[in-house]
Amino acid sequence: MTIKDRIQDDMKAAMRAKDAPLLGTIRLLMAAMKQKEVDERVVLDDAAIVAIIDKMIKQRRDAIAQFATAGRQDLVDKETAEIGVLELYLPQRLDADAIDAEIRILMEQTGAKGPQDLGKLMGPLKAQLAGRADMALAAARAKALLSGA
């Protein structure tokens with residue numbers, strides 16, 4: 001079963017259960033997927049859907065920071081709940097040790113030795129860890145490993 005099929009099945013279940021918050025989040029995700037399909041005239045595969053979900057989660061984390069600064073706890077709670085729903089459709093995330101192992105392998109393959117080689121490392125790393133790791137964490141770990149920390 002593809003991620004798209006799971007999302008559609010969950011949307012139907014949320015409609016039957018009259019779960020408005022879940023349904024709203026799933027509809028936002030479906031709209032983002034449909035927009036991408038229409039704009040680029042493609043049928044989305046699981047990797048493209050994971051990229052959309054990652055982008056939506058990042059947007060919500062940015063919004064949470066803004067809402068927390070403004071003292072809007074109600075909106076922070078709403079965005080946090082949406083992140084929880086979106087994360088259901090992501091593949092299992094790698095922990096910090098697994099990310100470090102992937103970075104070390106790519107450092108050997110690309111010949112990256114120091115902080116100046118971060119750009120050379122990030123392209124392959126992003127392709128390798130897409131959907132399996134938070135890229136902000138991966139970039140920070142790569143920078144630390146290249147700096148010898």
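These legends go with a set of close-up views of one predicted model.

Figure 1. The predicted model has 7 helices and 0 strands. Its C-alpha atoms fill a box of roughly 55 × 40 × 30 Å, taken along the principal axes. The chain has 149 residues, and 32% of them count as buried. Among contacts with a separation of 6 or more, 56% join residues 24 or more positions apart.

**Figure 2. Helix 1 packs on helix 2.** The two helices meet at an angle of about 145°. Their axes are 9 Å apart. The crossing is left-handed. Helix 1 brings Lys-4, Ile-7, Gln-8, Asp-10, Met-11, Ala-14 and Met-15 to the contact. Helix 2 answers with Leu-22, Leu-23, Ile-26, Arg-27, Leu-29, Met-30, Met-33 and Glu-37. By type, the residues of this contact divide into 10 nonpolar, 1 polar and 4 charged.

**Figure 3. Glu-37 is a buried residue of the contact between helix 1 and helix 2.** Glu-37 is found in helix 2, which spans residues 20-40. Its relative accessible area is 14%. That value is under 20%, so Glu-37 counts as buried. Leaving aside neighbours within four places in sequence, Glu-37 is in contact with Lys-4, Val-42, Val-43 and Leu-44. Lys-4 belongs to helix 1 and is also part of the helix 1 contact with helix 2.

Figure 4. Most residues other than glycine have a negative phi. Lys-18 sits in the loop between helix 1 (3-17) and helix 2. Arg-41 lies in the loop between helix 2 and helix 3 (46-70). Lys-18 is exposed, with a relative accessible area of 73%. Arg-41 is exposed too, with a value of 76%. Both values are over 50%, and therefore both residues count as exposed.

**Figure 5. The largest nonpolar core has 23 residues.** Those with the most contacts inside the core are Ile-7, Ile-26, Leu-29, Met-33, Ile-49, Ile-53 and Tyr-89. Helix 1, helix 2, helix 3 and helix 4 (73-87) each supply at least two core residues. Helix 3 gives the most, with 7 residues. Tyr-89 touches Ile-3, Arg-6, Ile-7, Asp-10, Ile-26, Leu-29 and Ile-53, not counting residues up to four places away in sequence. A second, separate core has 14 residues. It includes Ile-103, Leu-106, Ala-138 and Ala-142.

**Figure 6. Lys-78 and Pro-21 are 57 residues apart in sequence and 8.6 Å apart in space.** The distance runs from C-alpha to C-alpha. Lys-78 is placed in helix 4. Lys-78 is partly exposed, with a relative accessible area of 43%.

**Figure 7. Helix 5 crosses helix 7.** Helix 5 covers residues 96-110, and helix 7 covers residues 135-147. They pack at an angle of about 55°, with their axes 10 Å apart. Because of that angle, helix 5 is oblique to helix 7. Helix 5 passes helix 7 in a right-handed crossing. From helix 5, Ile-99, Asp-100, Ile-103, Arg-104 and Met-107 make the contact. From helix 7 come Leu-137, Ala-138, Arg-141, Ala-142, Leu-145 and Leu-146. The tally is 8 nonpolar, no polar and 3 charged. Two of the residues here, Ile-103 and Ala-138, are also among those of the second core.

**Figure 8. Helix 6 also packs on helix 7.** Helix 6 runs over residues 118-129. The angle is about 140°, and the axes are 11 Å apart. That angle makes helix 6 oblique to helix 7. The crossing is right-handed. Leu-118, Leu-121, Met-122, Leu-125, Lys-126 and Leu-129 of helix 6 meet Met-135, Ala-138, Ala-139, Ala-142, Lys-143 and Leu-146 of helix 7. These residues divide into 10 nonpolar, no polar and 2 charged. Ala-138, Ala-142 and Leu-146 of helix 7 take part in the contact with helix 5 and in the contact with helix 6.

Terms used. Residues are numbered from 1 along each chain as its sequence is written. This is a predicted model: local features need pLDDT of at least 70, side-chain atom pairs count only at pLDDT 80 or more; totals for chains, interfaces and linings use all residues. Side-chain values use heavy atoms; hydrogens and water are left out. Axes are lines fitted to C-alpha atoms, for helices over the stretch in contact, and angles run from 0 to 180 degrees between N-to-C directions. Helices (H or I, at least four residues) and strands (E, at least two) are DSSP runs, numbered from the N terminus. Angles under 35 degrees count as roughly parallel, over 145 as roughly antiparallel, 65 to 115 as roughly perpendicular and the rest as oblique. A crossing is left-handed if the near helix is turned anticlockwise from the far one by less than a right angle, and right-handed if clockwise. Contact means heavy atoms within 4.5 Å. Ala, Val, Leu, Ile, Met, Phe, Trp, Tyr, Cys and Pro count as nonpolar, Asp, Glu, Lys and Arg as charged, and the others, Gly among them, as polar. Buried means under 20% relative accessible area, exposed over 50%, partly exposed in between (1.4 Å probe, protein chains only). A nonpolar core is a set of buried Ala, Val, Leu, Ile, Met, Phe, Trp, Tyr and Cys residues joined through side-chain atoms within 4.5 Å.
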